[in-house]
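Here is my note on the model, point by point. Please read it with the coordinates open.

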Amino acid sequence: MKRQIAYFVVIFIGFLALGGQFINYGPLNDFIDNDTTQWYDIIAGFAAFLGVINLLKLHLSKISQKKKNWRYSIITVFSFSLMMVFAFVWKGVDANW
C-alpha cells in the first residue's frame with residue numbers, strides 16, 4: 001500500500017507539472033516555476049548523496065573483504081575520488097571553450 005501511494009503522488013505531481021506547461025493559470029504556473037524546481041533540487045541532491053554513500057560502501061567493503069574482482073573496486077574508488085577532486089577542488093579552469 002505504501003508503494004502505491006508513493007506512485008500515485010509522483011504520477012500526480014508529474015502530470016501537474018506537465019499540465020502547467022500547457023495550461024495558462026497563474027497559481028499553477030507559479031507552483032511549477034518556483035516550488036517544483038526547488039523540490040527537484042532537494043530530491044536530486046539527496047539522491048546523489050545516497051548514491052555516493054552506496055558506491056563507497058559497496059566498493060570499500062569489496063576491497064576490505066577481497067571479494068571477487070576486488071581490484072576493479074580499487075579503480076572505481078580511485079576514479080571517483082579523482083572526479084571529486086576535479087569537481088570540487090580544481091579551480092581556475094576557464095569554462096568557456
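1. Basis. This is a predicted model, in which local features need pLDDT of at least 70 and side-chain atom pairs count only at pLDDT 80 or more, while totals for chains, interfaces and linings use all residues. Residues are numbered from 1 along each chain as its sequence is written, and side-chain values use heavy atoms, with hydrogens and water left out.

2. Helix naming. Helices are DSSP runs of H or I with at least four residues, numbered from the N terminus; strands would be E runs of at least two. Helix α1 covers 2-20. Helix α2 spans residues 26-65. Helix α3 spans residues 70-89.

3. H59 and S73. H59 belongs to α2, and S73 to α3. H59 is buried because its relative accessible area is 14%. The cut-offs are as follows: buried is under 20% relative accessible area, exposed is over 50%, and partly exposed is in between, with a 1.4 Å probe and protein chains only. S73 has a relative accessibility of 1%, so S73 also counts as buried. Contact here means heavy atoms within 4.5 Å. Beyond neighbours within four places in sequence, H59 is in contact with S73, T76 and V77.

4. L56 and F80. L56 sits in α2, F80 in α3. L56 is partly exposed because its relative accessibility is 25%. Leaving out neighbours within four places in sequence, L56 is in contact with S61 and F80. The C-alpha atoms of L56 and F80 are separated by 9.0 Å, and the two residues are 24 apart along the chain. F80 touches V52, L55 and L56, not counting residues up to four places away in sequence.

5. Two C-alpha pairs are worth checking on screen. F80 and I23 are 57 residues apart in sequence and 43 Å apart in space. S61 and Y25 are 36 residues apart along the chain, and their C-alpha atoms are separated by 52 Å.

6. Please look at the backbone of two residues here. K66 has a positive phi of about 50 degrees although it is not a glycine. N69, also not a glycine, has a positive phi of about 60 degrees. K66 is exposed because its relative accessible area is 53%. N69 is partly exposed because its relative accessibility is 41%.

7. The largest pocket. Which helix gives the most to its lining? α2 does, with five residues. Both α1 and α2 supply at least two residues each. The lining consists of I13, G14, A17, F31, T36, W39, Y40 and I43. The volume is about 230 Å³. On a 1 Å grid over the protein atoms alone, a pocket is an open set of points where a 1.4 Å probe fits, with protein on both sides within 12 Å along at least five of seven lines; lining residues have an atom within 4 Å of a point. Grid points are joined across faces, edges and corners, and the volume is the space filled by probe spheres set on the points.

8. The nonpolar patch. F78, L82, M83, M84, V85, F86, F88, V89 and W90 form a nonpolar patch on the surface, with about 930 Å² of accessible area together. F78 lies in α3. F78 is exposed because its relative accessible area is 56%. Patch residues have over 30% relative accessible area and no salt bridge, and nonpolar side chains are joined within 5 Å. A salt bridge is a side-chain nitrogen of Lys or Arg within 4 Å of a carboxyl oxygen of Asp or Glu. Areas come from the Shrake-Rupley method with a 1.4 Å probe.

Technical notes: Patch = residues over 30% accessible without salt bridge, like charges linked within 9 Å, V, L, I, M, F, W, Y side chains within 5 Å.
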